[in-house]
Amino acid sequence: MKKKQGRQLIELAVNGEAYELAEEPQVTLLEVLRNDLELTGTKESCGTGECGACTVLIDGEPVLSCLTLALDCRDLDILTIEGLAKGGDLTHVQEIFLERGAVQCGFCTPGVVLATTALLKATSRPTDYEIKKALEGHLCRCTGYNKIVEAIDKVLTDGYLVNE
Amino acid sequence: MHLPRFTYKKSDSLEETAQLLSRYDTGACLMAGGTELLPRMKYGLAMPEVLISMKRSPVSSPKIGSDGDLVLSPLMTLRAVEGSSLVRENAPLLSEAVGLVGSGEIRHMGTLGGNLCQETRCLYYNQSHSFQFKKPCFKRGGDICYSIPKGKECWAVFMGDIAPALYSLEAKVKIMSRDKTRIIPIEGLYRGDGKKPLILSPHEIIGEIFIPGSNGLRGSAFSKFSFRGGLEFAVLSVAAVLDMEDDGETCRSARITVGAVAAAPVRARCAEAGIEGKNISDRSLSEAVRQALDEIRPVPHHGQTSGFLKESLKVQIRHALSVAAGRVKKD
Amino acid sequence: MSELDYVGKRILRKDGPDKITGRAKYTMDMRLPGMLVGRILRSPCPHARILNIDTSRAEKLPGVKAVITANDTLGIKHAFVETPRYPPDQYALAANRVRYVGEEVAAVAAIDPYVAEEALHLIQVDYEEMPAVFDPIEAMRQDAPEIHPTHPKVKEPFKNIGGKTYSGWGDVETGFAQSDYMREDRFESHLRTHGYLETQVALASFEPAGKLNIWTSSQGPFIKREKLARTLGLPLSAVRVQMAYVGGAFGGKVDLYAHEFCAALLSMKAGLPVKIAATREEVFAAYRHGQPLIVEIKTGVKKDGTLLAQQIRVINNCGAYRGTGVVVIFLAWGFVMLPYRLPNLKYEGYAVYTNNPPRTAQRGHGAPQLRFALDSQLDMIAEELGMDPVEIRLKNARQPGEQLPNGDNVHNCGLVECIERAAEHTGFREKHLQNRSVGTTLDPLRRGIGIAVSSYHSGSLIYPNSSSAVVKMNDDGTLTLMTGAMDIGQGAETILSQIVAEEVQVPVDKIEVIAADTETTPVDIGSWISGNTYVTGNAAREAASVVRKKLLDLAAEELEASPEDLVLDNMRVYVAGSPGRALKYRDLFTASIRKRRGDPIIGEGHWRTMQDVPFHPSLATTKGRWSENYAFDAQVAEVEVNTETGMVRLVRAVTAHDCGFPINPLLVEGQIDGQISMALGHAFLEEVIMKDGRTLNPSWLDYHMPCIHNMAVSESIDVITETYDVGRSYRTKEVGEGLVSAILAAIANAIFNAIGVRLYSTPFTPEKILRGLGRIK
């Protein structure tokens with residue numbers, strides 16, 4: 001076994017809460033979220049950046065938490081799926097995803113919802129192609145993507161802006 | 001999956017990274033975006049003792065240098081490159097290629113330099129070898145190639161999308177280490193050896209990328225052929241640049257680069273020469289395609305046969321050239 | 001039929017809020033205090049004798065809490081099928097011999113994954129390699145290496161036969177003699193994975209008092225409990241299998257897997273909870289995928305397209321153990337029998353052992369492979385006879401009330417209407433003719449349209465053969481439904497709640513569901529074999545009916561009215577015509593406690609498909625009844641073929657299906673879309689590439705599961721053949737599996753329509769298209 005470099009202290013904010021944590025260098029943000037903070041809404045389906053299930057938003061941008069070192073998250077603002085609904089009120093994206101049947105087994109859902117949220121924040125009226133480019137890294141086996149796309153289209157026709 | 005253990009160093013500048021690399025010698029590795037290195041580490045294909053993270057280090061913005069070159073930092077994320085209007089205006093081919101890399105998240109994380117410095121790939125190599133293909137291949141320090149088991153060669157393929165675009169843009173890269181810097185044409189970055197694709201020594205990193213400005217009519221196109229149209233590496237890719245005479249019809253110079261057919265991107269030089277000085281027409285483009293097929297022999301990779309790759313090469317080169325020709329700005 | 005309030009409505013899934021907020025706990029998310037990490041050591045050899053396993057160094061490693069090999073087990077074999085003819089053939093941990101790369105040889109439990117993995121490296125296994133065989137045709141040859149002895153009841157001189165199904169009816173020779181046209185073709189399908197996003201994972205906790213608790217990502221807990229108890233030598237009552245949310249399954253999580261057994265045994269040995277989660281790479285390279293079948297068909301027809309006789313041979317590359325290999329060769333027969341009338345059949349199916357990982361059920365379980373072959377060939381026959389693909393299908397399609405050769409009845413079969421409506425909706429006949437007449441144009445994009453049909457059973461007899469449900473009223477008039485059924489994403493809990501809601505008139509959100517716990521919920525067939533809505537649904541309906549009746553009887557007494565005059569509505573009962581004469585359920589609950597000697601209003605219901613038939617049909621001979629409930633569908637594919645790149649795009653998929661009565665159209669659509677996507681992955685993109693028993697593309701990157709760019713337009717037409725009446729049992733049909741099948745053949749037929757290239761094997765890769773077009777020699 002390789003010798004250990006000790007844990008290092010980091011401060012980061014997850015869903016608006018500040019945390020101080022001591023982590024070993026090889027620990028990923030995904031592991032911090034799931035194991036230390038017990039925010040298990042962020043999923044691992046491959047661990048190698050090929051499925052999008054572990055997507056979280058860092059400073060509003062979608063990133064793969066399985067390929068992000070915890071030590072690289074010092075002082076960053078991280079939003080996970082648990083931080084989206086405020087006080088139990090679902091966001092519009094979340095509501096429409098449910099209404100349109102865009103959730104089945106739900107394992108890809110957190111990543112897809114966060115990537116969609118980030119897209120709609122960055123681009124108020126994304127084209128079909130832009131939607132697909134934003135979600136091309138998110139594998140979903142259950143829905144065939146039809147109802148996911150339908151839900152996003154509905155959010156757009158509602159003229160809803162994600163910035164609130 | 002989890003990462004093996006390592007010692008973590010944070011670096012905020014390329015100079016500092018060069019210092020650290022030279023201090024730790026061969027045991028250290030630079031990580032910029034992490035999307036290339038970390039999966040390799042999880043699979044046990046890279047085991048650096050020291051990982052030098054440049055994640056979210058300050059990045060200089062793209063600029064036009066005194067000689068008219070577009071100057072890019074290797075630390076720019078692909079997303080930043082894609083979103084840069086300066087890049088779009090001066091090197092639309094690069095914007096196009098960058099937009100086709102990986103997935104949305106990969107582009108948010110991955111960097112230009114990381115994409116250029118990625119390792120060659122092969123189905124047998126890119127896995128963890130905990131119970132499959134345990135006997136090491138050439139690339140893992142052994143003496144077999146599972147993919148093409150004859151001879152002494154590693155047949156892993158360089159699959160990056162950015163390098164072919166930079167070839168066709170005649171880009172240069174600044175290579176730096178603690179003690180010296182040098183500027184070389186992008187072609188010089190690649191050795192053409194599947195086993196060790198990059199010319200860089202363990203102490204060296206890419207410092208800057210220079211893309212010469214175009215002073216005339218130009219049309220360019222990047223064609224990436226993949227099965228799903230996203231998320232994955234190219235089956236093959238073609239980056240075409242057509243520089244035109246002022247008449248807008250005669251080709252002054254052409255650059256056609258093919259990716260994912262060998263251990264480095266390949267220029268179709270005969271095809272380029274054949275098209276130069278000619279009017280762009282169905283006939284001249286078809287002739288160029290024919291010449292390209294004579295000079296490029298795709299290495300069968302990722303389950304695709306050479307017959308299929310040759311046919312695809314034909315279609316994709318033709319497609320890229322047609323699109324590039326259609327984009328020549330005439331005013 | 002009165003107006004329905006809950007059934008037939010687009011009611012949102014009950015687990016939606018949990019899932020959309022990240023609150024839903026999957027097995028992967030579960031942790032217990034003191035939990036250890038388990039890892040499995042796998043065979044690097046496709047076929048070898050295990051000479052020795054030395055675990056001593058691993059055991060001494062600090063942090064290692066338990067190491068197990070076959071020596072720590074009772075040596076009890078298990079299998080998906082366990083019958084006198086097909087005795088179990090697999091140890092949970094390999095003993096003496098390994099038969100595929102990835103087979104489980106040892107397992108460790110340690111304090112963290114680093115220690116666990118180092119421990120695996122310290123286990124020394126000495127193998128003596130043996131000759132291996134990977135191709136089923138080679139494995140059947142007499143000189144092939146023997147993986148298991150050929151089944152004693154198979155008389156032909158074939159080697160490595162794990163099972164055989166032989167069946168038929170009529171006399172094929174006579175049928176062929178009467179035929180005006182005959183043809184023989186051979187079709188091959190390939191290896192695909194299920195693509196569940198949550199990898200296989202189990203968490204076992206053995207309590208000092210002797211109870212084993214296990215949570216596992218599965219499709220139903222009861223089969224797991226039975227197999228775990230037996231292989232571990234524990235009383236059934238000492239094993240409790242529970243569910244958490246399941247991140248997809250698609251057939252891949254039915255049978256007992258070694259990681260479940262190992263987590264349990266490691267926990268028993270270490271005295272601490274142990275969790276084993278497979279990596280994605282392990283799922284690809286060492287777990288079970290679907291079944292690649294070779295299908296040989298000889299068919300004879302009359303000039304008018306009437307099918308007269310078929311002789312069919314199916315060869316299943318079954319892998320190193322039987323798995324469901326002997327099930328799929330049985331089911332294949334059924335998929336031949338179902339949609340078209342066929343007077344004469346001779347059927348043979350072989351499950352052939354090879355040194356590949358074993359296989360398991362996969363959505364459609366053989367139907368896609370069979371329908372691809374049968375409906376491709378039917379189009380070829382139509383072409384030869386100058387018939388329209390729709391006409392030849394209508395000519396042979398089963399009609400309502402027809403009896404199948406095995407004695408089953410198709411009852412309200414909507415197949416003819418499905419074919420007609422799918423064809424009409426897509427303008428099939430015109431497009432089909434038009435596409436063919438395009439001839440040589442310069443446009444490299446060609447359009448094609450194709451049609452095919454399928455049928456699938458909705459529940460069949462297989463362990464535990466029955467579903468039951470308990471509905472209990474709570475003090476406030478709300479309900480709790482206890483069911484052994486498992487929501488694997490398809491929406492089982494929502495569907496069952498709707499059924500209960502309709503019977504008792506309690507809103508769906510006032511029904512709490514306790515599901516899939518072997519201890520607290522009644523037995524259920526599980527979310528496989530496509531019986532959930534029908535079998536479990538009827539059990540839940542019966543249980544709810546009991547509650548309904550108790551409420552009505554009591555209310556009649558209290559309100560001094562006849563039960564027939566009472567109306568249930570939103571948790572209250574009133575007298576028809578006098579809404580003022582009403583009682584709330586919560587008051588009836590109190591009244592029942594007081595006046596019915598403490599009865600808290602509980603209803604029990606159970607259901608079994610083929611209620612009067614004691615056994616599952618014979619896997620070997622198909623004798624016996626199979627199912628009482630068949631769903632039918634016709635699917636049309638419109639494709640665009642790029643004749644330069646060879647890429648084919650599924651532009652539009654239209655499904656006309658007879659699913660009986662759709663309980664929740666929103667969830668039905670979700671099932672259809674998902675199956676279209678899975679089928680287009682099957683058709684164009686996905687293949688587990690193997691060489692000499694090793695997997696070359698064990699990742700999402702190199703295994704091309706469809707991404708959002710590959711989405712196809714999916715439209716559906718409900719052909720509703722059944723009604724839903726409160727208080728009456730119903731024949732709601734399956735919708736979760738059958739629709740991956742016809743669309744595959746429809747795509748193949750559409751490709752032919754577009755470019756005149758007939759493909760005999762899946763997947764329809766660009767290379768095959770270009771070869772078909774003569775662009776690659």
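Let's start with one pair of charged side chains: A:K147 forms a salt bridge with C:E669, and their closest N and O atoms sit 2.7 Å apart. Keep in mind that this is a predicted model. How many salt bridges are there between chain C and chain A? The count is 4.

Now zoom out to the whole contact between these two chains. Here are the residues that each one brings to it:

| Chain | Residues in the contact |
|---|---|
| chain C | 50 residues |
| chain A | 43 residues |

Putting chain C and chain A together buries about 4100 Å², and carbon and sulfur atoms give 60% of that area. On the chain C side, the residues that lose the most area to chain A are C:I20, C:L197 and C:I708, which together make up 20% of what that side buries.

Next, a look inside chain A, at a pair of helices. Helix α2 of chain A covers residues 92-99, while helix α3 of chain A covers residues 109-122. The two pack at an angle of about 130 degrees, with their axes 10 Å apart. Because of that angle, α2(A) counts as oblique to α3(A). As for handedness, α2(A) passes α3(A) in a right-handed crossing.

So which residues in α2(A) and α3(A) meet? From α2(A) come A:V93, A:Q94 and A:F97. Facing them from α3(A) are A:V112, A:V113, A:T116, A:T117 and A:L120. Sorted by class, the contact of α2(A) with α3(A) has 5 nonpolar residues, 3 polar ones and no charged ones.

Terms used. Residues are numbered from 1 along each chain as its sequence is written. Chains are lettered from A and ligands numbered from 1 in the order in which they are written. This is a predicted model: local features need pLDDT of at least 70, side-chain atom pairs count only at pLDDT 80 or more; totals for chains, interfaces and linings use all residues. Side-chain values use heavy atoms; hydrogens and water are left out. Axes are lines fitted to C-alpha atoms, for helices over the stretch in contact, and angles run from 0 to 180 degrees between N-to-C directions. Helices (H or I, at least four residues) and strands (E, at least two) are DSSP runs, numbered from the N terminus. Angles under 35 degrees count as roughly parallel, over 145 as roughly antiparallel, 65 to 115 as roughly perpendicular and the rest as oblique. A crossing is left-handed if the near helix is turned anticlockwise from the far one by less than a right angle, and right-handed if clockwise. Contact means heavy atoms within 4.5 Å. Ala, Val, Leu, Ile, Met, Phe, Trp, Tyr, Cys and Pro count as nonpolar, Asp, Glu, Lys and Arg as charged, and the others, Gly among them, as polar. Buried area is the accessible area (1.4 Å probe) that two parts lose on being put together, summed over both.
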